[in-house]
Each structure stands twice: as structure tokens, then as C-alpha cells.
Amino acid sequence: MTQTAATAPLICPSILASDFSRLGEEIRALEAAGADWIHVDVMDGHFVPNLTIGPDVVKALRPHTSLPFDVHLMVAPVDNWLEAYRAAGADIMSVHPESGPHVHRTLGHIRQLGAKAGLVFNPATPLSVLEEAVELVDLVLIMSVNPGFGGQKFIETSLRKIERARAILDRAGSRAHLQVDGGVVAANAGACVAAGADALVAGSFVFKGGPDAYAANIQALKAAAA
Ligand SMILES: O=C(CO)[C@@H](O)[C@H](O)COP(=O)(O)O
Ligand SMILES: [Co+2]
């Protein structure tokens with residue numbers, strides 16, 4: 001098993017699981033609880049069967065934290081939205097290869113806008129695209145559920161895919177982050193990190209129990225992965 005990632009993973013709570021009527025407060029609570037990045041799931045009702053957060057909401061949330069906004073764009077076509085999310089305060093913008101015909105150009109565009117560029121792999125999307133674009137990515141996101149909803153069960157075969165992505169990054173000498181998203185809980189966080197991940201997205205797990213439990217939940221993920 002490859003194990004070159006840092007042992008203390010970045011914890012990236014997905015605000016999809018937050019109380020949308022109190023989003024600003026929720027983000028402040030996550031920062032106080034020790035979150036590293038804020039994961040923002042943008043769903044367009046077309047690429048995935050759900051509709052969530054537009055750039056105006058990201059802009060409204062930006063003053064509530066200094067943590068990086070890690071924006072997961074489940075949008076197709078995505079190109080025309082990049083400038084708006086960047087202007088709204090996105091620090092990382094991650095796109096799926098299926099989000100447009102020219103993902104190489106899209107990744108370059110994200111970097112031109114001054115953001116970090118992420119490439120996202122659905123459970124059935126092969127990693128061959130990463131081999132062709134590895135020099136353009138600052139983050140690789142392995143989906144461990146099919147995107148569109150929070151609260152789904154972790155697909156166990158994702159662990160082998162994390163290992164294979166780690167091997168591609170290491171072989172290329174890439175320092176890109178390797179992130180996992182979907183069904184991440186304390187019981188599988190250690191396996192994700194052992195497989196090579198250095199950033200964990202977690203929605204349901206972080207938000208369960210309400211704001212008083214966020215710090216313990218984040219700490220449980222870190223401890224499980226240590
Ligand atoms: O991108 C997605 C879903 O499409 C994720 O970021 C989920 O929102 C994570 O939620 P949990 O599976 O941790 O509840
Ligand atoms: Co996500």
C-alpha cells in the first residue's frame with residue numbers, strides 16, 4: 001500500500017449538511033471547531049439531480065471565515081461559471097472531466113483566475129484523464145459516492161482508486177492534494193489516509209449532533225486518520 005501523504009489530513013466539512021437558514025453561523029462554527037477548508041457543493045440540477053449553491057451565496061458567506069473555500073462544481077457545462085465563483089471568493093475550484101469537452105483548458109483557466117484547480121473522479125470515471133492532465137492539477141478528488149446527495153454510503157472500492165491516484169501523483173512528482181468525498185466517517189478515515197489521501201470531505205459526519213459536536217467530530221476524523 002502506498003503511503004506518502006501526510007498523516008494529519010485536512011478536514012473539509014461539506015456545508016451541504018449544514019442548516020441552510022444559518023449558513024454564516026455554521027461556517028463560523030466550523031472554523032472555531034478546527035475545520036481546515038470549507039467544502040462547498042455546487043449542484044446544477046442537470047449534471048447531478050440536485051440544486052444547491054449559486055455564486056451569490058458564496059459571496060455572502062465569504063466574510064464569515066478566512067478558511068479556504070473549496071468549491072466542488074457539479075455543473076455542466078462549467079466553463080461559464082468559473083469567473084463568477086472565483087469572484088465570489090472560491091479559493092479552490094474542482095471540476096469533473098464530464099463537465100465540458102476541454103477539461104485541460106478548463107483547468108488552465110481556473111489557474112489563470114488565480115485559484116487552485118481540482119479534478120474530480122466519479123466512481124466509474126477512469127483515472128486515465130489524470131495521467132494526461134497531472135501537471136495542471138493542484139487537487140485530485142476521488143468521489144467515494146455517486147455525486148448529488150449527502151449522507152450516502154462509502155463505496156469501499158474507492159480505497160483502491162485512492163491508491164492508484166496516489167501512485168500517479170507520486171510518479172509525476174506532483175504535490176497536488178488527494179481528497180476523498182462521500183460517506184467519509186471515522187470508521188473509514190484511517191483507510192482513506194493509509195491509501196494516500198491527505199484531505200477528507202465530510203458532511204453528515206461533521207454535522208451530526210449539532211454545533212456543540214462539530215469540534216469532537218472533526219477531531220474524531222483526525223484521530224482516526226493518525
Ligand atoms: O459532493 C458531495 C455529494 O455529491 C459531497 O461533498 C457530500 O455532500 C458529502 O456528504 P457526506 O457523504 O459526507 O454526507
Ligand atoms: Co463534494
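A: Keep in mind that this is a predicted model. Around ligand 1, the shell divides into eight nonpolar, eleven polar and two charged residues. In total, 21 residues surround ligand 1, and the closest are L16, P147, G150, G203 and S204. Strand 2 (38-43), strand 8 (199-202) and helix 8 (204-207) are the elements that give two or more residues to this shell.

Q: Which residues does the UniProt annotation "binding site" cover?
A: That unreviewed entry lists S14, H72, G148, F149, G150, G151, D181, G182, G183, G203 and S204. Such annotations may be inferred rather than shown by experiment.

Q: How do I tell whether G183 is buried or exposed?
A: Count C-beta neighbours: a residue with 20 or more others within 10 Å is buried, and one with 12 or fewer is exposed. G183 has 22 inside 10 Å, so G183 counts as buried. G183 sits in the loop between strand 7 (177-181) and helix 7 (186-195). Leaving out residues up to four places away in sequence, G183 touches S144, V145, Q152, K153 and F154.

Q: And where is G151?
A: G151 lies in the loop between strand 6 (139-143) and helix 6 (158-172). G151 counts as partly exposed because it has 13 C-beta neighbours inside 10 Å.

Technical notes:
Residues are numbered from 1 along each chain as its sequence is written. Chains are lettered from A and ligands numbered from 1 in the order in which they are written. This is a predicted model: local features need pLDDT of at least 70, side-chain atom pairs count only at pLDDT 80 or more; totals for chains, interfaces and linings use all residues. A residue is near a molecule or strand if its C-beta atom, placed from the backbone, lies within 6 Å of it. Helices (H or I, at least four residues) and strands (E, at least two) are DSSP runs, numbered from the N terminus. Ala, Val, Leu, Ile, Met, Phe, Trp, Tyr, Cys and Pro count as nonpolar, Asp, Glu, Lys and Arg as charged, and the others, Gly among them, as polar. Two residues are in contact if their C-beta atoms, placed from the backbone, lie within 7 Å.
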